[in-house]
Amino acid sequence: MVDLHVHTTFSDGTLTPQEVIKLAKEKGLFAIAITDHDTTDGVIHAIDEGNRLGIKVVSGVEISADFEIEMHILGLFVDINNEFLQQKLKMLERFRKERNPKIIEKLRKMGYDISMGEVEKLSSGEMIGRPHIAQVLVKKGYFSTTKEVFEKLLGFGKPAYVKKDKLKPQEAIEAIKKAGGLAILAHPHKYLYLDEGSENVFLELKEYGLDGLEVFHSDHSQKETNMLLEIAKKLDLAISGGSDFHGENKPEICIGVGKGNLKIDDEIFYVLESRVLKP
């Protein structure tokens with residue numbers, strides 16, 4: 001089995017890349033993709049540990065894109081040393097750094113005793129995001145879980161939410177393709193219910209160079225999975241799948257099996273790999 005959507009401490013996961021690989025080994029996985037948000041910095045650490053333990057590691061990234069609702073596009077099998085990709089990721093890192101103090105300011109005005117210094121200390125020098133801010137609020141006793149923080153304060157449209165500048169979908173796909181990777185739309189069930197119709201969205205993305213859909217995902221119902229399988233077949237889009245594992249930040253999701261019933265066969269890995277290897 002494989003898991004092609006996994007996060008580490010280099011974005012908003014709670015396990016280091018090395019710990020993720022060890023866990024994948026314990027769970028009997030054949031391959032995993034490290035797909036941290038807007039960064040590839042954790043990939044090399046995972047590859048080194050994967051070589052040591054005999055786990056195939058796919059170099060990946062999950063790029064945030066500006067769409068009707070926030071869109072996430074996975075880059076799989078990317079060259080992490082590609083200059084064009086890294087320039088785009090550095091731009092996104094700058095956007096994130098500009099956003100965090102604005103969130104802190106909103107929280108302080110709402111009466112929460114929190115500082116940027118506390119968040120930086122907790123993040124241990126890794127890319128800071130909303131999950132780290134949520135962790136500080138939990139640590140200080142304001143909330144019981146980070147999920148509660150997002151539901152009440154930090155989620156889209158909530159009182160402390162601040163919109164982050166993002167790439168356009170075509171820019172994200174271009175960066176992935178220039179790095180030799182496959183562009184896969186993450187958790188596409190979110191777009192099945194848009195008024196203009198999901199197929200139009202997927203067709204537009206395919207025109208930009210989208211390679212496939214993440215058909216298998218922890219949040220997909222069986223009905224949604226079946227719908228996405230049909231759409232992928234109709235539009236000749238590749239099929240991918242992953243748990244979207246974040247460690248304790250999403251404790252209900254386990255690596256490899258998601259919420260318990262996810263099953264992603266290694267054939268999916270080989271089909272995707274063959275697309276990359278085609279001349």
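# Close-up views of a predicted model

**View 1. Leu15 and its surroundings.** Leaving aside the neighbours within four places in sequence, Leu15 is in contact (heavy atoms within 4.5 Å) with Thr8, Thr9, Val20, Leu23 and Phe245. This is a predicted model, in which local features need pLDDT of at least 70 and side-chain atom pairs count only at pLDDT 80 or more, whereas totals for chains, interfaces and linings use all residues. Residues are numbered from 1 along each chain as its sequence is written, and side-chain values use heavy atoms, with hydrogens and water left out. Leu15 lies in the loop between strand E1 (2-6) and helix H1 (17-26); helices (H or I, at least four residues) and strands (E, at least two) are DSSP runs, numbered from the N terminus. With a relative accessible area of 23%, Leu15 is partly exposed, a class that falls between buried, under 20% relative accessible area, and exposed, over 50% (1.4 Å probe, protein chains only). Although Leu15 and Glu248 are 233 residues apart along the chain, their C-alpha atoms are separated by 8.4 Å.

**View 2. Helix H7 and its buried residues.** In helix H7, which spans residues 169-178, the buried residues are Pro169, Ala172, Ile173, Ala175 and Ile176. Seen down the axis of H7, these residues fall within an arc of 160°, so they line one face of the helix; the arc is that of the directions from the helix axis to the C-beta atoms. The buried residues of H7 pack against strand E3 (56-65), strand E4 (71-76), helix H3 (83-109), strand E5 (182-185) and helix H8 (198-208). After H7 comes Gly180, whose phi is positive, near 75°.

**View 3. Ile133 in helix H5.** Ile133 has its place in helix H5, residues 130-139, and counts as buried, at 0% relative accessibility. Not counting residues up to four places away in sequence, Ile133 touches Asn100, Ile103, Ile104, Leu107, Ile114, Val119 and Leu154. One of these, Ile114, is 19 residues from Ile133 in sequence and 8.5 Å away in space, C-alpha to C-alpha.

**View 4. Helix H6 beside H3 and H5.** Helix H6 covers residues 146-154, and Thr146, Glu148, Val149, Leu153 and Leu154 are buried there. They cover an arc of only 150° around the axis, which puts them on the same side of H6. It is against H3 and H5 that the buried residues of H6 pack.

**View 5. Where domain 1 meets domain 2.** The protein chain is divided into domain 1 (2-88 + 166-277) and domain 2 (98-153), with bounds that come from an automatic or database domain assignment. In this pair, 8 residues of domain 1 are in contact with 6 residues of domain 2. The area buried between the two domains is about 590 Å², of which carbon and sulfur atoms give 46%; buried area is the accessible area (1.4 Å probe) that two parts lose on being put together, summed over both. In domain 1, Thr9, Phe10 and Asn249 lose the most area to domain 2, together 52% of what that side buries.

**View 6. Asn261 in a loop.** Asn261 is found in the loop between strand E7 (238-242) and helix H10 (266-277), and Asn261 is exposed, with a relative accessible area of 69%. The C-alpha atoms of Asn261 and Leu203, which are 58 residues apart along the chain, are separated by 29 Å.
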